[in-house]
Amino acid sequence: MIDKQHLINRFISYVTIDTESDPNSNTTPSTEKQWNLANKLAEELKTIGLQDVSIDQNSYVMATLPSNVSHKVPVIGFVAHFDTSPDFTGANVKPQLVENYDGKDIMLNAEENIVLSPDYFEDLLQYKGQTLITTDGTTLLGADDKAGVTEIVTAMEYLVKHPEIKHGEIRICFTPDEEIGRGAHKFDVKKFGAEWAYTMDGSQIGELEYENFNAAGASVKVKGKIVHPGYAKGKMINSMYIAQDFINSLPRLETPEHTEGRQGFFHLAQINGKVEETNLYYIIRDHDKEHFEARKEVMQNLANEINKQHGNTVIELDIKDQYYNMREKVEPVMHIVDIAEEAMKNLNITPIIKPIRGGTDGSQLSFMGLPCPNIFAGGHNFHGRYEYVPVESMIKATEVICKITELTAEKYA
Ligand SMILES: [Zn+2]
């Protein structure tokens, strides 16, 4: 059994250290203060008895739990990030414990009347009777992803203390700067040396994800011609009308506000215009690689067509791929998802397998040679004051980690 109080104490010791990352910084980690938790984690991993504990110049913390079986088992890994989102402050987090949750409103902050209510966040109701950790309404909590960090450390500690659970070599890594899209950038996949890994960075209990968007960004530069409006006949070219033409020629229903599940979209994220020049910025998203390529082609063809009509290059289009669906890297090694699914079922958790409408560090890692599905860490309402995590979900996630290591060793026996 995982010691509940011990896990709560550990989680609180992490979330009370401010590790907010900063997209405007070029250093790694992006903020100096992330070192505070990174160093603490490295020390803690040594204390619980892990081997090869290292912390590199970019603050990536790695460690090994050696195999305790004589047969050969693939090295597997678990990954979490210790930074928190710059979307909301992570300074002076004052976690509050709600024991035996009664299913009613939770007053986060009486002074400012900030309430966490199941009327609005109905997911709360599935945790009736459980222990919730919430914020005091003035900060985020940082369960994203310190819940994941807590679960990995706790699982490793448990495995060290319970040698009767048989497993192969396990590698773990904690990264900075995931929230600003750079968690995988300086991840030394070779040094990590795992055949596959799991990020413990999903939300509600049961989540298991191995599909994400293919993603590209498209800059559309529309050039016009400014002439005095009183003498413009036959001369002025208003770039805003051309831009309007471009915008209206793309399918209006294939946009974020009209799509869900596996449906892709064109998203007009920005528009800046005057007569002489208008700039549009789009993001293109699709789970399906062929559809993704087709979307980029549609956009290119449209630009070509408009240029032809004008007998001139009035539109310059620059499309850059951003990241890809990890599914193509995971599907050839589907047993890594199957093992996680089996581990959950073994623990009476209903797996929720669904495509992510976004990207993860795991997708970057998968394309860097480390196939890396994502598993729930238990929290809800990330990146804001209503963030909370049920302790029971964190315990389950910890058990899932232990069970995966056990099942992997069994499969290769
Ligand atoms: Zn996260």
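How many Å apart do the C-alpha centres of domain 1 and domain 2 lie? They sit 39 Å apart.

Before going on, keep in mind that this is a predicted model: local features need pLDDT of at least 70, side-chain atom pairs count only at pLDDT 80 or more, and totals for chains, interfaces and linings use all residues. Residues are numbered from 1 along each chain as its sequence is written.

Domain 1 covers 4-211 + 326-411, while domain 2 covers 214-323; such bounds come from an automatic or database domain assignment. Where the two touch, domain 1 supplies six residues and domain 2 supplies five residues (contact: C-beta atoms, placed from the backbone, within 7 Å). On domain 1's side of that contact you'll find one nonpolar, three polar and two charged residues. Here Ala, Val, Leu, Ile, Met, Phe, Trp, Tyr, Cys and Pro count as nonpolar, Asp, Glu, Lys and Arg as charged, and the others, Gly among them, as polar.

Now for the sheet. Three strands form an open sheet in the order 4-7-17, paired antiparallel. Strands (E, at least two residues) and helices (H or I, at least four) are DSSP runs, numbered from the N terminus, and two strands pair if DSSP finds at least two bridges between them.

| Edge strand | Residues |
|---|---|
| Strand 4 | 96-98 |
| Strand 17 | 388-390 |

Each edge strand pairs on one side only. From one strand to the next, the twist averages 20°. Strand 7 (residues 132-134) is joined to strand 17 by three bridges, and Leu132 stands opposite Pro390 in strand 17. Helix 10 (residues 391-411) packs on this sheet, touching strand 7 and strand 17, and its direction makes about 65° with that of strand 17. Such angles run from 0 to 180 degrees between N-to-C directions, with axes fitted to C-alpha atoms, for helices over the stretch in contact.
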